[in-house]
Amino acid sequence: MARNNHNDKSQVPNTRVGRLLRERELRRSGRTSDVTDGIRGLEISDIDSSSGSSSTEHNVESEESGSPERRPIKQRLLVVANRLPVSAVRKGEDSWSLDISAGGLVSALLGVTDFEARWIGWAGVNVPDEIGQKALTKALAEKRCIPVFLDEETVHQYYNGYCNNILWPLFHYLGLPQEDRLATTRSFQSQFAAYKKANQMFADVVIEHYEEGDIIWCHDYHLMFLPKCLKDYNSQMKVGWFLHTPFPSSEIHRTLPSRSELLRAVLCADLVGFHTYDYARHFVSACARILGLEGTPEGVEDQGRLTRVAAFPIGIDSERFTRALEVPNVQEHIRELKERFAGRVVMLGVDRLDMIKGIPQKILAFEKFLEDSPEWRDKVVLLQIAVPTRTEVAEYQKLTSQVHEIVGRVNGRFGTLTAVPIHHLDRSLDFASLCALYAITDVALVTSLRDGMNLVSYEFVACQDSKKGVLILSEFAGAAQSLGAGAILINPWNITEVAAAIGQALDMPAEEREKRHHHNFVHVTTHTAQKWAEVFVSELNDTVIEAQQRIRIVPPQLLAGDAIRRYLESDNRLLILGFNAALTEPYDIPERRGRDQIKEMELKLHPELKQPLTMLCSDPKTTVLILSGSDRNVLDDNFWEHDLWLAAEHGMFLRSTKGDWMTTMPENLNMDWVDSVKQVFEYFTERTPRSHFEERHTSLVWNYKYSDVEFGKLQARDMLQHLWTGPISNSSVDIVQGSRSVEVRAVGVTKGAAIDRIIGEIVHSKDMSSPIDYVLCIGHFLERDEDVFTFFEPELPPDSMGGSRSKSTDSTSRHGSEKRPTPKLQTVGRSNSSRRSSGGSSSGSGRRSTQEETTWNVVDLKSENYFSCAVARTLTHARYLLNSSEDVVSFIKEIAAAGASPSNSSY
């Protein structure tokens, strides 16, 4: 595979902001702007064609010729969109005609000049024969475009079906199509299958042309599965995904049957971009509420992997519009339009004839204005350009008829034989005519009911430096976030408000018009398409750097073969297994959390583990310890039939399944705080629907994982503030925060603090004659309890996680495979005085008082014989990872089978 040597990692700052500031300075200094970009090659001049000029057309050969040493290396950018920015018409068996297509994405990316870009997408035509495909591929290559060939059935199901019939209406708050028969449900399922198939076809083309170091920029709702397809092939690819439509609130998105799959596919991208902060916030909220993931100010975190989510308001190539106004044929258009509408104030609307554009609301508001302001009836004209779209769809045909009916009624009420108030045109305009129309307009009226951005408002402002017209802009268009300060913002559903805004715009003093226009013009000319793309790519590059830094501290996956081989070679093994989220049935899947709360709250041992645990427990060389924060009754109910050891409430209670419970709690454990904290937990449980709390002997736990995510977090924050300033302000307690829980414990109640006392009791009770030489510790432990992972480490990391450790383990550390000193227990003369009932207490030293002189180490552990493994937690002190409880089940089944097998040589 070829390599793109773009990344210069010399003198790269350590912080994200520092790196982005450095990148910004490099752009300002012009380090990467000396060579025209491949995207520029798409700008076939349709402005200067009459004079024969083609100064804006890119000459591919001119870039390829010349000395390579004189050309700076630019980063390759693979822009992947559903449609290529060209229209292809077949002229013969092996001949094609190509024309530039109009569209928001094309308009935005025409101004990008700092990357060596390639477009990848569908050409919009069906090419079933190989000769035609080769000819089209060759023709498109001259425009730096690469085609994806989709057959008619895939296009029908994927594009017309799932994209336009399901995703587009949903993302614009129009809801899902109503199902009235089972065949419709099956149709939806087949459309979703075609959607995934088409995304994989796009991925295959990207992979074919990918070079190491390339940036892959996926665009829009058509390609939500593409990041997953690419990352499944190569996790090192730099993948960004940008949505050009609104992203709906989580309450809307959750109605989509494939909601979880789409969200998880998008989260495979390194950077996810939206036009506005609102859309980004909705996406993060959907991931939190639907997938149960953690939303952060940076994005969405899933098991330590962060997908950055941010707002990147798109721009236009403003210079393209300002230059166009100086072209002779555009100036001629301007003169003709001024003569045509002389003596009348011109209002303009340019929209696709679409349900979300609010064209009926616009015309009704104009009718209301004419009705309320008769003095303006012969002084103002509304020019409405409505570009037809999806003319074969019944809903769009109905909308067209509705608009025509309203226009006819208004013109009939307020028109004369010589003039009408509304000029409605059902077609698109060429670029020159559109620029001229923008230039002579006094008031632009954008009444979108829901719009991702709406670049018409940007284009109008770019062409208004002379006229300084007024922009009336819907607050439901993404552009309102950027141009709202200079525009008159309106709610298009409020017809009276829009009519009043028209009057305000027409009566606005020249000084105010100039101030408003200046504010918007500065924004449009500085926040260009080039800046938009540069910022997105810079953020994407930096996101990858940051992710690599995070990966360095993430432990590797547990290698079963190595762990099992060491297990078989050892003589006295200790297996420490957590229970919740490690050995339990996988009911509590984030996507389905809360569907059956009663069943999910019942912690049950995974049914596939019963036999493997029995096999492990029957091995005389193996001791199995279940170490859990759960109550004693929970462990009794799940493990009563196995011959193993149970440590409940973070190790504060211990028993063999053949014996009685005993306590390992430190002496003088202060529990005076329990009643006051219990009252607080009861209060917040009453105030937070579907939350609950558990009362244990050494702690209280309030759990809100089944509650509304955002409300639960607010309640937890309120609870913590109240606890710190009230009931526990002077108490010896620890507060442990889980992802959806708050636990208050007595100081010293951690798994790591209890483990040496537990080992001492096990060694004494089993009357072990040889030291433990193999330890496997697996669990999904809270941060405070990860001290159990570091307990057996010969070399201790800095205690950054706040866990406590026994003094006996902190005194010395060793390197490599050296044996670490451990608490010593006497082999003879041991009495049972240290065995305690559930109401007793003991010291935390793990030693036993005796007059005997003979001693030995209870743990004689080499570094390579210790395997600590966190389950579904990447930020951990454990040596290894397992991704889920299902992985734990598979591993335990494997190690149990290996131990029971007569021949173990393969390990």
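A few ground rules before we go on. Residues are numbered from 1 along each chain as its sequence is written, and side-chain values use heavy atoms, with hydrogens and water left out. As this is a predicted model, local features need pLDDT of at least 70 and side-chain atom pairs count only at pLDDT 80 or more, while totals for chains, interfaces and linings use all residues.

**The whole chain**

The protein chain has 30 helices and 31 strands. Helices (H or I, at least four residues) and strands (E, at least two) are DSSP runs, numbered from the N terminus. Of its 907 residues, 54% are buried. Here buried means under 20% relative accessible area, exposed means over 50%, and partly exposed is in between, using a 1.4 Å probe and protein chains only. Now for contacts, meaning heavy atoms within 4.5 Å: among those between residues at least 6 apart in sequence, 74% join residues at least 24 apart.

**The sheet around S6**

Back to S6. Nine strands form an open sheet in the order S5-S4-S1-S6-S7-S8-S11-S10-S9, with mixed pairing. Its edge strands are S5 (145-147) and S9 (294-296), each pairing on one side only. Direction ignored, neighbouring strands here are turned by 20° against each other on average. Two strands count as paired if DSSP finds at least two bridges between them. As background, strands of a sheet pair through backbone hydrogen bonds, either parallel or antiparallel.

S6 (residues 215-219) has five of its five residues buried, so the strand is largely enclosed by the rest of the structure. Ile215, Trp217 and His219 sit on one side, Ile216 and Cys218 on the other, and all are buried. S6 is also joined to S7 (residues 238-242), where Ile216 stands opposite Val239.

| Strand pair | Bridges | Sense |
|---|---|---|
| S1 (residues 76-83) and S6 | four bridges | parallel |
| S6 and S7 (residues 238-242) | five bridges | parallel |
| S15 (residues 443-446) and S16 (residues 470-474) | four bridges | parallel |

Between S6 and S7 comes helix H7 (residues 226-233), and together they make a right-handed β-α-β unit. Right-handed means that, with the strands pointing away from the viewer, the path from the first strand over the helix to the second runs clockwise. H7 lies across S1, S6, S7 and S11, running at about 175° to S7. For such angles, axes are lines fitted to C-alpha atoms (for helices, over the stretch in contact), and angles run from 0 to 180 degrees between N-to-C directions.

Arg308 is buried, with a relative accessible area of 6%. Its side chain makes a polar contact with the side chain of Glu539, at 2.4 Å. A polar contact is a pair of N or O atoms within 3.5 Å; within protein, one must be able to donate a hydrogen and the other to accept it, and residues adjacent in sequence count only if both atoms are side-chain atoms.

**A six-stranded sheet**

Six strands form another open sheet, in the order S14-S13-S12-S15-S16-S17, with parallel pairing. S14 (422-425) and S17 (488-490) stand at the edges with a single partner strand each, so one side of each is left without a neighbour in the sheet. The twist averages 20° from one strand to the next. Val443 has Val470 in S16 as its bridge partner. Helix H15 (residues 431-440) lies across S12 (345-352) and S13 (380-387), at about 140° to S12.

**Nonpolar cores**

What is in the largest nonpolar core? There are 92 residues, and Leu583, Leu625, Ile626, Phe639, Ile759, Phe792 and Phe891 touch the most other members. Helix H30 (residues 885-900) gives the largest share, seven residues. A nonpolar core is a set of buried Ala, Val, Leu, Ile, Met, Phe, Trp, Tyr and Cys residues joined through side-chain atoms within 4.5 Å. Leaving aside neighbours within four places in sequence, the contacts of Leu625 include Leu574, Trp645 and Ile762. A second, separate core of 73 residues includes Ala436, Leu437, Leu473 and Ala477.

Pro556 is in the loop between H20 (529-552) and H21 (560-569). Pro556 is partly exposed, at 49% relative accessible area. Pro556 and Leu881 are 325 residues apart in sequence, yet 6.0 Å apart in space, C-alpha to C-alpha.
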